[in-house]
Amino acid sequence: MQYLENNIVSELEANTNVLTLHLDHRDPEIARTLLSSSVETLDNLMAATAQRELQERERFLRDRLRREQNQTLTDDIVQRLSSILSARVDNEGRAGYAISVLDPVYMEPRPVSPRPTLVIAVSIFGGLVLAFVIVSALGIFRLSKKIRAT
């Protein structure tokens, strides 16, 4: 579980409420299995939460129905209660949310490996740029010292 907490990256897009899960693992099949089971666990958790919420609403409305004397209000409560019960039956407890996989788990066709020539080339270029920046800064510093001295 600690591995999943440290290595699964999740991003929630605010406008669409799309949750993206990302996992890098050296074995793509393990990554696919972990992500698939994570989605299934989340779906089960959401279903249980929605089912519990429907039960709480139903319990509240039944208690209110027992205490209410006004016929118009009683009819309204009965209508709400029947909609809750039908939502439970129709959606199997998944009322108010939907979890669906928009894009299946994607695996690179071949493993990604380091490219030594690219790493060396970028390192040399970065070193030269850094050396140029340091030499330029020292030159500007020495020039400003000479100007202050005169």
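Helices here are DSSP runs of H or I with at least four residues, strands are runs of E with at least two, and both are numbered from the N terminus. The model is predicted: local features need pLDDT of at least 70, side-chain atom pairs count only at pLDDT 80 or more, and totals for chains, interfaces and linings use all residues. Residues are numbered from 1 along each chain as its sequence is written, and side-chain values use heavy atoms, with hydrogens and water left out.

**The patch**

Leu12, Leu19, Leu42, Leu45 and Met46 form the patch, which covers about 440 Å². Patches consist of residues with over 30% relative accessible area and no salt bridge; nonpolar side chains (Val, Leu, Ile, Met, Phe, Trp, Tyr) are joined within 5 Å, and like charges within 9 Å. A salt bridge is a side-chain nitrogen of Lys or Arg within 4 Å of a carboxyl oxygen of Asp or Glu. Areas come from the Shrake-Rupley method with a 1.4 Å probe, and for residues only the protein chains shown count as cover. Met46 belongs to helix H2 and is partly exposed, at a relative accessible area of 31%. Buried denotes under 20% relative accessible area, exposed over 50%, and partly exposed the range in between (1.4 Å probe, protein chains only).

**Overall architecture**

The protein has four helices and two strands, in the order α-β-β-α-α-α from the N terminus. Of its 150 residues, 12% are buried. The accessible surface amounts to about 12,600 Å², and carbon and sulfur atoms account for 59% of this area.

| Helix | Residues | Span | Expected span |
|---|---|---|---|
| H2 | 40 residues | 59 Å | 58 Å |
| H4 (116-149) | 34 residues | 49 Å | 50 Å |

The buried residues of H2 are Ala31, Leu35, Ser38, Asp43, Ala47, Ala50, Leu54, Glu58 and Leu61. An α-helix has 3.6 residues a turn, so residues three or four places apart point the same way. In H4, by contrast, the number of buried residues is zero, so this helix lies largely in the open.

**The hairpin**

Strands S1 (residues 8-13) and S2 (residues 18-23) run antiparallel and are joined by six bridges; two strands pair if DSSP finds at least two bridges between them. Glu11 stands opposite Thr20, and Glu13 faces Val18. Four residues lie between the strands of the hairpin, where Asn17 adopts a positive phi near 60 degrees.

Val9 is part of S1 and is partly exposed, with 40% relative accessibility. The C-alpha atoms of Val9 and Leu21 are 5.7 Å apart, although twelve residues separate the two along the chain. Beyond its neighbours within four places in sequence, Val9 is in contact (heavy atoms within 4.5 Å) with Thr20, Leu21 and His22.

Notes. Expected span 1.5 Å × (residues − 1).
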